[in-house]
Amino acid sequence: MTDPRSRGRGAAVAGSALVFLAAIIVQAAAIAQSWGSWYWVPGSATAAVVCVPALLGLRRPLWPAVAGFGLAAAAIAGARVAGPDLPAEPSPAMTLGLGVLTGSALRVLAPVPAAAVTAAGPVVIIAGQVAAGPPSGGLAALTALDGLVWLAAVAVGLSLRLLDARARGAAERVRRDERLELARELHDVVAHHITGMVLQAQGAQVVARRNPEQVSEYLGEMEAAGTDALAAMRRVVGLLRDADDAAPASPGPEHLGALVERFRRQGPDVRLNMPDGAASAQWPPEVTTTVYRVAREALTNVLRHAPGARSVTVTVEHAPGGVTVEVADDAPAGSSRHPHRGGYGLVGMRERVESLGGSLRAGPRPGGGWSVQADLPVPAGEPK
């Protein structure tokens, strides 16, 4: 299954490379027409050298930014040494590469290094103005253009940083809500077993007075209930419970048929493949609930983001060590979508699945269409 994020990063790098190449070509043509046939070579070469770190720094821009601004400073010094025979640096194409580094740094780096990279932009631009000598009238046109590019990079970087922060906050809220939901369900399981232990203890007290030899049977049942309660409690560790919320019902795999029928009436044909009731009866309650909710979220995504899908298959497989639920559609390749587009439902599902020790994958299928697959462990001896 291919990772949409990897494809998105590759497209961003390829698009940026094309923009840099176009800027270098336009710059070279303009310099060749105004300065002469060979004067475009130094500026184009230095711009290309700076644009390479800009491409490398789209994800981790700190050291590419250091390299890019260092190369820009070296180019300015070289132009100063050469005197007025070469065009001033930084060139527009070089400034574009520095702008990408600035925007990337503002988006992903910590505040201090991001501010340092951002402040390096005006320093380089002013140094280029000084190295080129005082302009004949006011601010040089090249310096003004470089300043506009820097301001645009700062605006884009800050905007993306704000959007990323909002997205992380929304995703964290979804994860927290899912942890609370799972904690409530596990709380109900533990409460059920503890209630049974209390009843067994009360019954043992009565039996001990009338028929002492039957006490061992009650003690065995209490031990089994306590073991089940401890197994469920281990899954509660690390989760929080909001006591003000009412505990929801826990739909199990037996409700998947009704879920599939409801979605079949709203969208494409849905087929359900799942084990018999005896196998699913061995699953812990939080596993049955998660199977249902993963299927529901994946089917909802099909309705929202895959209008071209003609059929969907929901497959639930049981193995001695766990349960796998997969929802796969046959939507055309052009309708592939990002797992997070349109909401954070899969973010919450991933948090729930990983809290239970499982894993969740979502992405395009090799033969076309989209697949959401969750693997959930079911250790031996879990409560029924």
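How many helices and strands does the protein have? In this predicted model, the protein has eleven helices and five strands. Of its 384 residues, 41% count as buried. The accessible surface comes to about 19,700 Å², and 62% of that area belongs to carbon and sulfur atoms. Among contacts between residues at least 6 apart in sequence, 73% join residues at least 24 apart.

Helix α8, which spans residues 256-266, has Leu256, Leu259, Val260 and Phe263 as buried residues. Viewed down the axis of α8, the buried residues fall within an arc of 95 degrees, and they therefore line one face of the helix. An α-helix has 3.6 residues a turn, so residues three or four places apart point the same way. The cover over the buried residues of α8 includes the strands β1 (269-273) and β2 (311-319), together with helix α10 (285-305).

Three cavities of 30 Å³ or more were counted, and the second largest cavity holds about 60 Å³ of space. Helices α4 (92-108), α5 (111-132) and α6 (141-210) each supply at least two residues of the lining of this second largest cavity, with α4 giving the most, at four residues. The lining is made up of Phe69, Pro90, Thr95, Leu98, Gly99, Thr102, Gly121, Val124, Ile125, Asp146 and Trp150. By residue class, the lining of the second largest cavity divides into six nonpolar, four polar and one charged.

Technical notes
Residues are numbered from 1 along each chain as its sequence is written. This is a predicted model: local features need pLDDT of at least 70, side-chain atom pairs count only at pLDDT 80 or more; totals for chains, interfaces and linings use all residues. Side-chain values use heavy atoms; hydrogens and water are left out. On a 1 Å grid over the protein atoms alone, a cavity is a set of points where a 1.4 Å probe fits but cannot get out, and a pocket is an open set with protein on both sides within 12 Å along at least five of seven lines; lining residues have an atom within 4 Å of a point. Grid points are joined across faces, edges and corners, and a volume is the space filled by probe spheres set on the points. Ala, Val, Leu, Ile, Met, Phe, Trp, Tyr, Cys and Pro count as nonpolar, Asp, Glu, Lys and Arg as charged, and the others, Gly among them, as polar. Buried means under 20% relative accessible area, exposed over 50%, partly exposed in between (1.4 Å probe, protein chains only). The arc is that of the directions from the helix axis to the C-beta atoms. Contact means heavy atoms within 4.5 Å. Accessible areas come from the Shrake-Rupley method with a 1.4 Å probe; for residues, only the protein chains shown count as cover.
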